[in-house]
Amino acid sequence: ISDFAGENLELFKSVSKFFQNHYVERSGAIILINTAMWFRMAMKIISPFIHPNTRKKMHILGSDYKKKLNEIVGPANVPTMYHGENPLSMEDSPLEQLVASHVNEVLEKNGVKPAADA
């Protein structure tokens with residue numbers, strides 16, 4: 001789940017390319033919330049160039065994302081900050097902690113210093 005309230009397009013491009021190249025088949029859904037109208041319009045133009053498997057998994061939602069997000073993921077899996085029922089923030093979820101730990105291990109093994117807040 002990504003919150004595009006800050007409209008960080010460069011980050012989206014980078015993450016999108018990474019997921020499309022490496023993890024598209026592992027992703028059940030790619031959900032972007034709070035996207036600006038211009039971004040949703042731009043995605044309609046860009047989407048034909050995105051691999052069909054990736055396109056099927058993408059859900060680009062505006063500020064009225066709450067109902068659709070709960071339909072896709074299930075309210076028990078959506079943090080309360082995004083109007084779901086899970087009291088844990090995404091950063092505090094056991095799965096996120098496991099992924100962050102693994103990423104940091106790989107970075108360290110490759111001589112890259114992990115980010116201070118990771």
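Select Lys-57 to begin, which sits in helix α3 (residues 52-57); helices here are DSSP runs of H or I with at least four residues, strands are runs of E with at least two, and both are numbered from the N terminus. The model is a predicted one, in which local features need pLDDT of at least 70 and side-chain atom pairs count only at pLDDT 80 or more, while totals for chains, interfaces and linings use all residues. Residues are numbered from 1 along each chain as its sequence is written, and side-chain values use heavy atoms, with hydrogens and water left out.

Lys-57 counts as buried at 15% relative accessibility, where buried means under 20% relative accessible area, exposed means over 50%, and partly exposed lies in between (1.4 Å probe, protein chains only).

Now turn to the aromatic rings. Which kind of pair do the rings of Trp-38 and Phe-39 form? Their centres are 5.9 Å apart and their planes stand at 85°, so the pair is edge-to-face; rings of Phe, Tyr and Trp (its six-membered ring) pair if their centres lie within 6.5 Å, and planes under 30 degrees apart count as stacked, over 60 as edge-to-face and the rest as tilted. Trp-38 is partly exposed at 40% relative accessibility, whereas Phe-39 is buried at 2%. Tyr-65 and Tyr-82 form another edge-to-face pair, 6.4 Å centre to centre with 65° between the planes. Tyr-65 lies in the loop between β3 (58-60) and α4 (66-73) and Tyr-82 in the loop between α4 and α5, so the pair ties together parts that are 17 residues apart in sequence. Both tyrosines, Tyr-65 and Tyr-82, are buried.

Ser-93 caps the N-terminal end of α5, with a side-chain oxygen 3.1 Å from the backbone nitrogen of Glu-96. From its first C-alpha to its last, the 16-residue helix α5 reaches 23 Å, close to the 22 Å expected at 1.5 Å a residue, the expected span being 1.5 Å times one less than the number of residues. Within α5 (residues 94-109), pick out Val-99, which is partly exposed with a relative accessible area of 41%. Just after α5, Gly-111 takes a positive phi of about 75°.

Methods:
Polar contact = N/O pair within 3.5 Å; in protein donor to acceptor, adjacent residues only side chain to side chain.
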